[in-house]
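Let's take a walk through this one, going from a helix pair to a sheet, then on to the cores and the contact between the chains. Have your viewer open and follow along.

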Amino acid sequence: MRFALSKFIVLIIFNLSTRLGIGSGYVWPGHVVLKLFPSILSFKQLQCRKGYILISGTNGKTTTAKLITHILEQSGYKVLNNKTGANLLNGLVTTILLADIGSVDYCVLEIDEFTLPRFLEYIDPKAIALLNLSRDQLDRYGETDIVLDRWQQSIRKLPPSVRIYADSAEPRFKTLSADMHFFDDSSERLSLTSLKGSFNAKNINAATKLVQDLGIPLTGILSSLDSFESAYGRGEQIDFFNKKYHLYLAKNPASFTHNLDLLEHFSPDNTDVLIILNDNIPDGRDVSWIYDIDPTAIKDKLAMFNGLYISGTRCYDMAVRLQYAGCSIDMSKVNPLIGEVVRQVLPKSKAEHVLVLPNYSAMLDFRKLLLGRKIL
Amino acid sequence: MKLRIGYFYKDLLNLYGDNGNVEILVSRCKKRNIDVDVYEVGLETKLNKFFMSGIDLVFMGGGPDSSQKEMYKDLTTSKASFLRDYIISGGVSLFVCGSYQLLGHYYKSADGSTLQGLGIFDLSTEHPGNSAARCVGNVVCTMSSTITGDPSFPHESGFGGSLVGFENHGGRTNLGTKSSEFAVIRRGFGNNGKDGTEGIHFMNSIGTYLHGPVLSKNPHLADFLIAKSLELPASGLAKLDDGLILNAHNIALDLN
């Protein structure tokens with residue numbers, strides 16, 4: 001009865017908020033249900049057929065969850081995935097209750113680093129992939145040590161059958177559980193996909209190892225990798241008025257530095273770089289993390305691009321940071337209004353490609369500008 | 001001319017972009033053809049009087065709890081007396097957040113346990129417990145006249161005496177009666193969210209809660225530290241083109 005009521009509430013609020021355009025649609029339904037039934041996640045009707053697979057960590061959650069989802073779907077399974085990135089407790093509850101969870105084989109969820117322990121209080125997953133932990137939104141979360149400590153405490157309480165997959169290069173993950181499985185950044189499978197960068201090699205290896213242990217044969221995995229399309233804003237390509245925009249989410253020092261490596265794949269003569277920095281709530285109000293980006297990497301990889309455009313609510317902070325690292329900044333290419341940059345400033349450039357490095361809300365704003373919608 | 005920076009615990013205290021402060025000091029010196037040597041002082045470094053007498057400017061940031069514990073032991077046992085002598089004898093230094101707190105008399109943490117500080121700064125810090133909200137957000141303040149009245153402070157910079165940054169701390173700091181604050185809060189919490197003070201200015205040392213990093217949008221403070229360290233009047237430093245930074249500073253004045 002309570003389960004049916006929860007489903008009904010979620011459906012009503014989801015439809016209302018989507019129609020009225022309040023938020024992403026995934027926040028409020030789960031929020032209300034959690035207020036009414038705080039233990040909703042412990043309801044046994046929330047079980048799916050083969051189990052939950054959880055992906056957490058600072059960077060790579062969306063891509064890795066999409067990889068696992070894609071491979072499982074290609075193998076004929078019915079999969080539920082929170083592909084819009086609603087990865088806090090309210091969004092997860094909405095995602096699960098909107099689906100016909102009883103008919104789902106695998107529920108593949110990306111989960112915010114701080115939300116993971118709360119979710120694990122109620123649901124024992126089949127497997128968890130822990131990708132990495134680095135500085136991200138400290139004004140909201142405090143330090144990575146605190147996150148790691150909470151992971152350790154909640155994982156210790158899980159049944160021993162839960163498999164944990166972790167980055168072999170992260171010493172702090174080595175002793176999280178008795179049943180650890182490790183992945184690395186070996187690149188032999190990266191070339192099968194359209195993805196780039198050693199961080200994506202890790203995501204692919206994590207996904208591959210995890211689904212292999214679910215019994216998916218390697219040949220099936222490899223052909224699935226070939227047909228994989230990158231998640232929105234994570235290597236996504238959008239054509240807009242004779243230019244190809246390549247979107248790579250850059251929301252913290254680690255992802256920004258990784259994405260600077262991608263510049264090697266682009267020619268400075270035919271590529272402009274657009275960096276968008278916002279300080280909205282989902283991004284964290286504190287932008288001081290931009291000084292944790294290695295200045296040498298900025299100078300070596302970015303400074304040679306003459307077409308350097310900077311936008312977003314904190315574009316001047318980013319411009320100052322890049323200037324201190326050794327980039328020359330053209331004031332006419334720094335503009336807080338992203339619409340003006342795309343419609344009036346960038347068209348003056350002849351470059352066909354634009355590599356876009358936005359942080360989170362900037363990525364959503366940018367997609368809305370080009371595609372007319374924020375998420376999928 | 002050469003500026004010698006003593007950079008304390010770079011690898012342990014590297015939170016919130018504070019390492020950018022040293023990057024900025026170095027960059028602003030190089031643009032003026034002032035040589036800079038950066039000496040990293042870590043857990044293994046053995047300090048001595050001769051070494052400290054060769055330092056013009058000390059910088060120390062804040063870090064995650066785990067590294068602060070490691071650092072604390074080393075700081076109190078093998079570095080404290082040298083740092084005290086350096087500061088008392090008028091050495092120029094900048095301490096941000098965690099290190100600022102540790103230079104006071106004590107730090108009472110959220111669980112009630114007390115950490116003895118170096119007692120160089122006349123201040124003490126208490127965490128009111130985890131149920132109390134952290135002091136988090138954008139900060140605007142005005143530097144105190146003990147800074148802006150100094151001959152090494154650049155008055156022609158266009159930045160006036162205003163200071164912008166970001167704070168993120170659980171502890172509330174109270175200055176001793178004879179201590180003077182580094183700045184007066186216009187927006188934000190500062191030392192304790194109550195008395196309107198931010199940081200401390202003691203001799204030629206500054207302690208502050210401001211991240212950003214603090215020198216990134218406050219080049220007048222960076223130049224003050226450089227000039228003071230080199231014992232120059234403000235006019236002794238060539239003017240740099242800070243137009244871009246002024247834009248960032250002015251926008252930050254209105255951030256809520």
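Before we look at how helices pack, a word on angles: axes are lines fitted to C-alpha atoms, for helices over the stretch in contact, and angles run from 0 to 180 degrees between N-to-C directions. Keep in mind, too, that this is a predicted model.

Start in chain A. Helix α1 (residues 2-20) of chain A packs against helix α4 (residues 89-98) of chain A, with an angle of about 105 degrees and axes 9 Å apart. Angles of 65 to 115 degrees count as roughly perpendicular, so that is how α1(A) and α4(A) sit relative to each other. From α1(A), the residues A:Ser6, A:Lys7, A:Val10, A:Leu11 and A:Phe14 meet A:Thr94, A:Leu97 and A:Leu98 of α4(A). By class, this contact of α1(A) with α4(A) has five nonpolar residues, two polar and one charged.

Now hop over to chain B and find its open sheet. Six strands of chain B run in the order β2-β1-β3-β4-β14-β13, with mixed pairing. At the edges you'll find β2 (35-41) and β13 (200-202) of chain B, each pairing on one side only. On average, neighbouring strands of this sheet are turned by 15 degrees against each other, direction ignored. Zoom in on β1 (residues 2-8) of chain B: this strand pairs with β2(B) in the parallel sense, over seven bridges. There, B:Tyr7 stands opposite B:Glu40 in β2(B).

What packs on the sheet? Helix α6 (residues 219-229) of chain B does, touching β1, β3 and β4 of chain B, and its direction makes about 145 degrees with that of β4(B). Helix α1 (residues 20-30) of chain B lies across β1, β2, β3 (57-60) and β4 (92-96) of chain B, at about 160 degrees to β2(B).

B:Leu225 touches B:Leu25, B:Leu57, B:Val92 and B:Leu94, leaving aside residues up to four places away in sequence. The largest core has 112 residues, and A:Val356, B:Leu25, B:Phe59 and B:Leu225 have the most contacts inside it. The element giving the most to this core is α12(A), with eight residues. A second, separate core has 54 residues, including A:Ile13, A:Cys48, A:Val79 and A:Ala206.

Finally, how do the chains meet? 21 residues of chain A are in contact with 26 residues of chain B. On the chain A side, α6 (138-141), α7 (144-156) and α12 (315-325) each supply at least two residues, and α12(A) has the largest share, six residues. That side of chain A has 11 nonpolar, three polar and seven charged residues.

Key. Residues are numbered from 1 along each chain as its sequence is written. Chains are lettered from A and ligands numbered from 1 in the order in which they are written. This is a predicted model: local features need pLDDT of at least 70, side-chain atom pairs count only at pLDDT 80 or more; totals for chains, interfaces and linings use all residues. Two residues are in contact if their C-beta atoms, placed from the backbone, lie within 7 Å. Helices (H or I, at least four residues) and strands (E, at least two) are DSSP runs, numbered from the N terminus. Ala, Val, Leu, Ile, Met, Phe, Trp, Tyr, Cys and Pro count as nonpolar, Asp, Glu, Lys and Arg as charged, and the others, Gly among them, as polar. Two strands pair if DSSP finds at least two bridges between them. Angles under 35 degrees count as roughly parallel, over 145 as roughly antiparallel, 65 to 115 as roughly perpendicular and the rest as oblique. A nonpolar core is a set of buried Ala, Val, Leu, Ile, Met, Phe, Trp, Tyr and Cys residues joined through C-beta atoms within 7 Å. A residue is buried if 20 or more other C-beta atoms lie within 10 Å of its own, exposed if 12 or fewer, and partly exposed in between; C-beta atoms are placed from the backbone.
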